[in-house]
Amino acid sequence: MLILGAGADRTSGIDFPLANTLLAEVTRYLDGPGKPVDDALRAMLPGLRFSFNSMIARAVDKIATREPHEQKAMVQRVQEAIASLPPEKVAVRKHGELIIRLFNKLALIAENSQLDEETENLIREVFPKDADDLIDSDSILDIHKLSLSDTFKTVLKRTLKMGLSSDQHEVAAALGADMLNIETLLIEKFLGFYNDKPSDIKNYLYISWALWAFLVARQKEVLAAHGASPLPFYGKLPTNVRAITLNYTSFLQQRLGSDQAVYFHGGLAEYVRMDT
């Protein structure tokens, strides 16, 4: 029994995007060859207001409410992205240094607001009778109610939009990998079925079908590029084994047959019609 993950579809010659870059790829598809798909989905979902570009603003607004360790993780991701840049990419490196500097300032505010032991002891000395009632938080600042300045918001929005363009921008990709994750977005919108929120339900249907259309289009490109030749990785699998795949592509099923290939999350070969 074989178990296949995302690495199988990242094989050279297949080159499917990973989840952390998928949203940018889907956006470019819908703005280009997938525009008819976008038009058809919007026609079937009257009143749909969602767009991948508009979600950037919402993602930016949530930045200030993230815990310090989450903000540090974003800084680390950007640092890693610019560390290996070639000398000619000075502008991208400077862009990364700006993002790192801004996030470090935000993280510093959150860290300095932590209620340290010395401050807690002083509170207990000054108000010995009801100190426990007064100390109801480990911070003197509620970071979840903070709002970013327009300067910070604009820098982040412009950076993230660069990640949705056709040009490779390492800093935008590193930031978008955390802030614009399509899997997280799908989970968030799927809750609309439980909360009875029609807008989230429409958004979920749009995002999931847009993702399906993109993956099918990319799959067709891979199959057309290889023609009758064996696919990279999949063409080397023995045909007498059973396999479970965490991917959606039909490459495994075409190699082993439907009886020997199990799709853990479902596959591109099957879908539920939303108009019947």
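## Basis of the model

The structure is a predicted model, in which local features need pLDDT of at least 70 and side-chain atom pairs count only at pLDDT 80 or more, while totals for chains, interfaces and linings use all residues. Residues are numbered from 1 along each chain as its sequence is written, and side-chain values use heavy atoms, with hydrogens and water left out.

## Overall form

The protein chain contains 14 helices and 3 strands. These elements are DSSP runs numbered from the N terminus, with helices being H or I of at least four residues and strands being E of at least two. The C-alpha trace spans about 80 × 50 × 40 Å along its principal axes. The radius of gyration of the protein chain is 23 Å, whereas a compact globule of 276 residues would have a value near 19 Å; the radius is taken over C-alpha atoms, and the globule rule is 2.2 Å times the number of residues to the power 0.38.

Of the 276 residues, 37% are buried. Buried means under 20% relative accessible area, exposed means over 50%, and partly exposed lies in between, with a 1.4 Å probe and protein chains only. Among the contacts with a separation of 6 or more, 63% involve residues 24 or more positions apart, a contact being heavy atoms within 4.5 Å.

Three strands form an open sheet in the order 1-2-3, with parallel pairing. Strand 1 (2-4) and strand 3 (261-263) stand at the edges with a single partner strand each, so one side of each has no neighbour in the sheet. From one strand to the next, the twist averages 20 degrees; axes are lines fitted to C-alpha atoms, for helices over the stretch in contact, and angles run from 0 to 180 degrees between N-to-C directions. Strand 2 (residues 243-245) pairs with strand 3 in the parallel sense over 3 bridges, where pairing requires that DSSP finds at least two bridges between the strands. Alanine 243 has alanine 261 of strand 3 as its bridge partner.

Threonine 245 belongs to strand 2 and is buried, with a relative accessible area of 1%. Apart from neighbours within four places in sequence, threonine 245 is in contact with Leu4, Leu252, Val262, Tyr263 and Phe264.

## Helix 11

Where do the buried residues of helix 11 lie when seen down the helix axis? The residues concerned are Ile182, Leu185, Leu186 and Lys189, within a helix that covers residues 182-190. Viewed down the axis of helix 11, these buried residues fall within an arc of 100 degrees, so they line one face of the helix; the arc is that of the directions from the helix axis to the C-beta atoms. An α-helix has 3.6 residues a turn, so residues three or four places apart point the same way.

The buried residues of helix 11 pack against helix 2 (19-31), helix 4 (55-61), helix 12 (192-195) and helix 13 (198-226). At the start of helix 11, a side-chain oxygen of asparagine 181 comes within 2.9 Å of the backbone nitrogen of glutamate 183.

Arginine 218 lies in helix 13 and counts as buried at 16% relative accessibility. Its side chain is joined to that of glutamate 25 by a polar contact of 3.0 Å. Not counting residues up to four places away in sequence, arginine 218 touches Asp15, Phe16, Pro17 and Glu25.

Alanine 174 is part of helix 10 (residues 170-179) and is buried, with a relative accessible area of 9%. Leaving aside neighbours within four places in sequence, alanine 174 is in contact with Arg77, Val78 and Ala81.

## Two aspartates with positive phi

Aspartate 15, which arginine 218 touches, is found in the loop between helix 1 (6-9) and helix 2. Its phi is near 55 degrees, a positive value in a residue other than glycine, and aspartate 15 counts as partly exposed at 40% relative accessibility.

Aspartate 196 is placed in the loop between helix 12 and helix 13. Although not a glycine, aspartate 196 has a positive phi of about 55 degrees, and at 62% relative accessibility aspartate 196 counts as exposed.

Key. Polar contact = N/O pair within 3.5 Å; in protein donor to acceptor, adjacent residues only side chain to side chain.
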